[in-house]
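Student: Hi! I'd like to go through this one together, starting with the charged pairs. Could you set out the terms before we look at any residues?

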Amino acid sequence: MKKRIGILTSGGDCPGLNATIRGVAKASYELIGNDIEIYGIVGGYTGLINGEYKEMKKPDFSGILTQGGTILGTSRQPFKQIQVIGDDNVDKVSNMIDNYKKMKLDCLLTLGGNGTHKTANLLSQNGLNVIGLPKTIDNDIYGTEKTFGFHTAVDIGTEVIDRLHSTATSHSRVMVVEIMGNKAGWLSLYSAVAGGADVILLPEMPFSYEKVAKAVLQRKKDGHVFSIVVVAEGAFSKDEEKMKRKERIAKRGCTTVTPLVVKYIEEKTGIETRSMVPGHYLRGGTPSAYDRVLATEFGVYAAQLIKDEHYGVTVALKNNKITHNKLEDIAGKAKPVPKNHELVKAAKSIGIEFCEG
Ligand code: F6P
């Protein structure tokens, strides 16, 4: 059965993209046969808009399991802008459809996060055969328990917190760590619990500055010489709850709340406080064993979907089983950390403070 498969990776890179590409390709050769043709679209949707792609052969999919980032390159093409024709006069959606047809693709695989899935759904509604694969260190894609990339980032976040304990204890300091995750706090929550943090501030639970200082002082009273505070990139205080992100940034004078948290803790508690922002370090390097396995399983499942010509869907993990969701059912939906999530409850049970305002 001859099939032409296009693959692209879109949005922020993460560990496991190459492992997924490899999984899809190897399983497609096995399940569908050696006369499949695979085209790598360069630089995400931008490559599809501009018609930049390359034919890939079997050897291209070897030796990439452990490689970080994406061999195809990626870019951000914000969904809000995708249907907008800008000064360059490029109709991005029409171009993508035209290029899909010019490439004579039977299907398009889109590896990405929430924005990627919204565009994938749009392309699917425009008649393209699309299969999504859930990628992001944020783990915030609706309809799947896990995304690939998340587990590795949790490992890295945990190591960062582990290592900060040395200076925190030696210098009797408060160490504030900012962990990526703008809209959802999964990565902060998991890294903080695994790393043994004392305070966690999540976007899902607007915090009170007073409670943060109180939690730190209480630890001192209890005889602890240090505290570790994890701040999710998108965390905000109760006072900022009603504001849009842009307003918050303008009012703060800084993008994230971390510098303000540091200043407040130091002023209110008198304890020396330092901050650390691992940033893109959390997304770098080789995927964990768990992510390699998940990426491979996702890839194999996607190959079966291609064989079955089952399109307009995205691969997912539900009840610990690999399955799929319709793109139209998940696109545009969020997956925030529920306030009563088991891990939130477990964290509270061991005395970790969320300092909700
Ligand atoms: O989507 C993954 C992510 O790393 C988020 O956690 C973070 O908010 C964002 O991407 C950063 O984006 P960029 O790499 O474009 O700065």
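Tutor: Happy to. A salt bridge here is a side-chain nitrogen of Lys or Arg within 4 Å of a carboxyl oxygen of Asp or Glu. The model is predicted, so local features need pLDDT of at least 70 and side-chain atom pairs count only at pLDDT 80 or more, while totals for chains, interfaces and linings use all residues. Residues are numbered from 1 along each chain as its sequence is written, and side-chain values use heavy atoms, with hydrogens and water left out.

Student: Thanks. How many salt bridges does that rule give?

Tutor: The count comes to 15.

Student: What does Glu267 pair with?

Tutor: Glu267 forms a salt bridge with Lys263, and their closest N and O atoms are 3.5 Å apart. The two residues sit four apart in helix H10 (residues 258-269), so about one helical turn separates them. Helices are DSSP runs of H or I with at least four residues, strands are runs of E with at least two, and both are numbered from the N terminus.

Student: Why does a spacing like that work in a helix?

Tutor: An α-helix has 3.6 residues a turn, so residues three or four places apart point the same way.

Student: Are Glu267 and Lys263 buried or exposed?

Tutor: Both Glu267 and Lys263 are exposed. Exposed means over 50% relative accessible area, buried means under 20%, and partly exposed lies in between (1.4 Å probe, protein chains only).

Student: And which residue does Lys345 bridge to?

Tutor: Lys345 pairs with Glu342, with the closest N and O atoms 3.3 Å apart. They are three residues apart in helix H13 (residues 342-349), again about one helical turn. Lys345 is partly exposed at 40% relative accessible area, whereas Glu342 counts as exposed at 55%. Elsewhere, salt bridges that share partners link Lys2, Arg4 and Glu37 into one network.

Student: What about Lys238?

Tutor: Lys238 forms a salt bridge with Glu241, the closest N and O atoms being 2.9 Å apart. Lys238 is partly exposed at 38% relative accessibility, and Glu241 is also partly exposed, at 35%.

Student: Let's switch to helix packing. How do H6 and H7 cross?

Tutor: The axes of H6 (150-171) and helix H7 (residues 186-195) come within 8 Å and cross at roughly 45 degrees. Axes are lines fitted to C-alpha atoms, for helices over the stretch in contact, and angles run from 0 to 180 degrees between N-to-C directions. H6 and H7 are therefore oblique to each other: angles under 35 degrees count as roughly parallel, over 145 as roughly antiparallel, 65 to 115 as roughly perpendicular and the rest as oblique.

Student: Which residues meet there?

Tutor: On the H6 side they include Phe150, Ala153, Val154 and Ile161, and on the H7 side they include Trp186, Leu187, Tyr190 and Ala194. Contact means heavy atoms within 4.5 Å. The residues of this contact divide into nine nonpolar, five polar and one charged. For those classes, Ala, Val, Leu, Ile, Met, Phe, Trp, Tyr, Cys and Pro count as nonpolar, Asp, Glu, Lys and Arg as charged, and the others, Gly among them, as polar.

Student: Why is H7 described as largely enclosed?

Tutor: Seven of the ten residues of H7 are buried, so the rest of the structure largely encloses this helix. Among the buried ones are Trp186, Leu189 and Gly195. What covers them includes H6, strand E6 (174-179), strand E8 (227-232) and H13. Gly196 follows H7 and has a positive phi, near 75 degrees.

Student: Nice. Where is Thr136?

Tutor: Thr136 lies in the loop between strand E5 (130-134) and helix H6. Thr136 counts as buried at 9% relative accessibility. Setting aside residues up to four places away in sequence, Thr136 touches Cys14, Ile141, Thr147, Phe148, Gly149 and Phe150.

Student: Last one: where does Ala213 sit, and what is it in contact with?

Tutor: Ala213 is in helix H8 (residues 209-221) and is buried, with a relative accessible area of 5%. Leaving out neighbours within four places in sequence, Ala213 is in contact with Tyr264, Lys268 and Thr269. H8 and H10 pack at an angle of about 55 degrees, with their axes 9 Å apart, which makes H8 oblique to H10.
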